[in-house]
Amino acid sequence: MFHSEEWRDAAVYTIAAVVAMIPLGLVLMTSIAFAVGAVRLARRQVLVQELAAVEVLARVDVICFDKTGTLTEGDVRFDEERTLLPAAGLPSGWREVLGWFGSAADANATARGLLERYPVPTDAAPIARVPFSSARKWSGVSFEGGSSDGSWVLGAADVLFPDRRLDEATASFAARGRRALVLAHGDAPLGVGAGPPAGLRPVAVLTFRERVREDAAETLAFFAREGVAVRILSGDDPLTAAAIAAEVGLGGHRGFDGRELPADPRRLVEVVDDEVVIGRVTPDRKRDIVAAFQSAGRTVAVTGDGANDIPALKRADIGIAMSSGTDATKAIARMVLLDGRFAELPAAVAEGRRVMANIERISRLFLTKTVYASVLAFVCGVFLLAFPFLPRQLSVVDGLTIGLPAFFLALLPNLRRYEHGFLRRSLRFAVPSGCAIGLLIFAYTWIATTAGVDQEALRTGATLILAIVALWVLVVVSRPFDPRKLIVFAAMVGGLVVVFTLPMLRRFLVFVALSPAEWAVVVASSIAGVALVEIVAATFARERGTGKR
């Protein structure tokens, strides 16, 4: 065989078959689509820190917001004070203590808001202190001697006074969306036990207001239209969170107390599926809520800006940090809204859906080719027929019916909502279409070989049939058409016409003139191939319409 050089023909046919089986451009087109999506988001001031985050965006069906800094601007302003003791019974120096809380080096946004009303801190040096944490919901400091003597605690009323004695004093503020804190005073030292010191006496209720983002209502309405469930998880009083939610269009929810969330994961899934607004949520419970949704098969996004959001951001399928967030929050998030505009979220989700819908579309092109090349190589081997293409012939057809159009299709707009079952849907179309095309080319090759058609004419006819049917696969995959898709399709048709008619290219590709009888077989085979592809497409569309995904 080596002396007769038959091995050259065997090598050429083998290379042609193997090259055709490999979806050469699918990985490249996928990478390009993700990269272009990331660039488009960057132009909208959305930083994608992991390329795969673009794909996850398309699958999100639950999004959890922290109230402060996400639904609201994040600039907490002091609102009003209401003393809880007669003037004669108020401990001296309480306003200066509030000034100390506001000026502390580790003061959070709420505490810093105190400086607007209480700019002068006490000059006494603290002898003990407990910094604020989202889990405790309070902070404290102790002074010895002077007007600020004793222990002072600033925190949530229902945490400092579990007997709910201050509910009446704080309920009206919470109902108006105000954040209410209580300043309490006592003689017991700090640091004894896990909770606040015993014997505290309420001194004053201090309320703070937050400005709701102007784009919040419109953004939440977008998610409602697109079937994305929204959950507000806040460390504030449930009534406060519910009032803010009502301002952004999520009315009708009283708010669920996060301290009453069940520990059992299955029961937790049921609760979070029903409750839209959950207050008094600790960072760990936020993470548990995300995990509960994920255990139910949901894809969860979490937005946040504070250190208390980090556990949930890490657990989520995609964490989205606001520009106002801490460095740690932005470091672990997969996306960052650089300008802090809440309204960019719908655009980000839409971009993810565009990328994934287009990748699904072009994957059908590449996988169809892989299937028909594999089927054709197998049946030709079984029946001892020569592979009916040269590598260069397949390369030209692939380039004009798959490679080039896939590049443009991957970048076109596409707002189709993401549906689970990406690979299943692609294979459901590609496998029957590819099998039909492969068997059709095999039938033509068998008939032509039996009829004594020479090898060059057989390859020319097979290439024509494949080009026509592959173009029709492109038509089916591109539907519905718009002007841009029509331009792409017309350009590919024009390219194939040039390839089959330009003498220089015909010689290079070893195309020869066909006899009338050979043309008749090519036309009949092409019509049969188009009909088979249409049948597969109609069956595929009918199955999708009946929900078989």
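## Exercises on cores, cavities and buried side chains

Not counting residues up to four places away in sequence, Ile 310 touches Ala 328, Thr 329 and Ile 332, where contact means heavy atoms within 4.5 Å. The model is predicted, so to speak only of its local features at pLDDT of at least 70 and of side-chain atom pairs at pLDDT 80 or more, while totals for chains, interfaces and linings use all residues. Residues are numbered from 1 along each chain as its sequence is written, and side-chain values use heavy atoms, with hydrogens and water left out.

**Exercise 1. Find which residues touch the most other members of the largest nonpolar core.**

Step 1: Look around Ile 318. Beyond four places in sequence, its contacts include Val 56, Leu 57, Val 302, Arg 334 and Met 335.

**Exercise 2. Work out which helix gives the most to the lining of the largest cavity.**

Step 1: On a 1 Å grid over the protein atoms alone, a cavity is a set of points where a 1.4 Å probe fits but cannot get out, and lining residues have an atom within 4 Å of a point. A volume is the space filled by probe spheres set on the points, which are joined across faces, edges and corners.
Step 2: The count is three cavities of 30 Å³ or more, and the largest has a volume of about 60 Å³.
Step 3: Among its lining residues are Leu 365, Lys 369, Tyr 372, Ile 402 and Val 473. H15 gives the most, with four residues, and H15, helix H16 (391–409) and helix H18 (455–478) each supply at least two.
Step 4: By class, this lining has six nonpolar, two polar and one charged residues. Here Ala, Val, Leu, Ile, Met, Phe, Trp, Tyr, Cys and Pro are nonpolar, Asp, Glu, Lys and Arg are charged, and the others, Gly among them, are polar.
Step 5: Turn to the second largest cavity, of about 40 Å³. Its lining divides into three nonpolar, no polar and six charged residues, including Arg 353, Glu 360 and Arg 425.

**Exercise 3. Describe the surroundings of Phe 540.**

Step 1: Phe 540 sits in helix H21 (residues 516–545) and counts as buried, at 8% relative accessibility.
Step 2: Leaving aside neighbours within four places in sequence, Phe 540 is in contact with Arg 364, Arg 425, Arg 428 and Phe 429.
Step 3: Arg 428 is 112 residues from Phe 540 along the chain, with 7.1 Å between their C-alpha atoms.

Notes
A nonpolar core is a set of buried Ala, Val, Leu, Ile, Met, Phe, Trp, Tyr and Cys residues joined through side-chain atoms within 4.5 Å. Buried means under 20% relative accessible area, exposed over 50%, partly exposed in between (1.4 Å probe, protein chains only). On a 1 Å grid over the protein atoms alone, a cavity is a set of points where a 1.4 Å probe fits but cannot get out, and a pocket is an open set with protein on both sides within 12 Å along at least five of seven lines; lining residues have an atom within 4 Å of a point.
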